[in-house]
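Me: I am new to this structure. Please take me through it step by step.

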Amino acid sequence: MNLQIFGKSKCFDTKKAERYFKERRVKFQSIDLVKYGISPGELSSVKNAVGLQALIDPKHPDAALLNYLACDADKLEKLLADPRLLKTPIVRNGRQATVGYQPEVWKNWE
């Protein structure tokens with residue numbers, strides 16, 4: 001299993017996801033979205049797995065503005081430009097991905 005956890009340093013759910021995998025002794029790569037961002041290819045892969053709307057953090061003040069963008073390409077571009085708009089944690093396992101804290105899905109990956 002080649003896990004990646006994209007999250008924010010102050011995100012409670014990101015910390016819970018990391019703890020979930022540490023307790024099960026599953027190795028993962030942790031990436032700080034605010035500091036390093038996410039590559040266009042990785043974001044596209046996650047979007048294909050979960051859908052574009054699931055990626056947007058509804059609690060972010062600018063999230064409502066994304067709904068006014070006409071096409072998905074513009075929305076993806078805005079998410080790449082400001083990764084704080086992404087809901088975290090984003091957990092990738094190859095082509096599979098989840099957004100948010102979802103241990104019931106991760107259990108099936110092991």
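Reply: A residue is called buried when its relative accessible area is under 20%, and exposed when that area is over 50%. Anything in between is partly exposed. Keep in mind that this is a predicted model.

Me: Is Tyr 20 buried or exposed?
Reply: Tyr 20 is found in helix α1. The cut-off for buried is under 20%. Tyr 20 has 5% relative accessibility, so Tyr 20 counts as buried.

Me: How far apart in space are Tyr 20 and Trp 106, C-alpha to C-alpha?
Reply: Tyr 20 and Trp 106 are 86 residues apart in sequence. In space, their C-alpha to C-alpha distance is 9.3 Å.

Me: Is Arg 25 buried or exposed?
Reply: Arg 25 has its place in the loop between α1 and β2 (28-32). Exposed means over 50%. The relative accessible area of Arg 25 is 77%, so Arg 25 is exposed.

Me: How far apart in space are Arg 25 and Lys 107, C-alpha to C-alpha?
Reply: In sequence, 82 residues separate Arg 25 and Lys 107. From C-alpha to C-alpha, the distance in space is 13 Å.

Me: Let us step back to the whole chain. What pattern does the protein chain follow along the sequence?
Reply: The protein chain has 7 helices and 4 strands. Read along the sequence, they give the pattern β-α-β-α-α-α-α-α-β-β-α.

Me: What radius of gyration does the protein chain have?
Reply: The C-alpha trace spans about 40 × 25 × 25 Å along its principal axes. For 110 residues, a compact globule would have a radius of gyration near 13 Å. The protein chain agrees with that, at 13 Å.

Me: What percentage of contacts between residues at least 6 apart in sequence join residues at least 24 apart?
Reply: A contact here means heavy atoms within 4.5 Å. Take the contacts between residues at least 6 apart in sequence. The part that joins residues at least 24 apart is 65%.

Me: What percentage of the accessible surface belongs to carbon and sulfur atoms?
Reply: Buried residues make up 43% of the 110 residues. The accessible surface of the protein chain comes to about 6600 Å². Carbon and sulfur atoms account for 48%.

Me: Now the charges. How far apart are the mean positions of the positive and negative charges?
Reply: The protein chain has 19 positive and 13 negative charges. Their mean positions are apart by 6 Å.

Me: How many salt bridges are there?
Reply: One of them joins Arg 24 and Glu 23, with the closest N and O atoms 3.6 Å apart. Arg 24 is partly exposed at 38%, and Glu 23 is exposed at 55%. The count of salt bridges comes to 5.

Me: Which residue forms a salt bridge with Lys 16?
Reply: Lys 16 is partly exposed, at 22% relative accessibility. The closest N and O atoms are 3.8 Å apart, and the partner of Lys 16 is Asp 13.

Me: Is Asp 82 buried or exposed?
Reply: Asp 82 meets Arg 84 in a salt bridge, at 3.0 Å from N to O. Arg 84 is partly exposed, with 45% relative accessibility. Asp 82 has a relative accessible area of 11%, so Asp 82 is buried.

Methods
Residues numbered from 1 in each chain as written. Predicted model: local features only at pLDDT ≥ 70, side-chain atom pairs only at ≥ 80, totals over all residues. Heavy atoms only, no water. Helix = DSSP H or I, 4+ residues; strand = E, 2+ residues; numbered from the N terminus. Rg over C-alpha atoms; globule rule 2.2 N^0.38 Å. Buried < 20%, exposed > 50% of the residue type's maximum accessible area, 1.4 Å probe, protein only. Areas by Shrake-Rupley, 256 points an atom, 1.4 Å probe, with all protein chains shown as cover. Lys, Arg positive; Asp, Glu negative; His and termini not counted. Charge placed at Lys NZ, Arg CZ, Asp CG, Glu CD. Salt bridge = Lys/Arg side-chain N within 4 Å of Asp/Glu carboxyl O.
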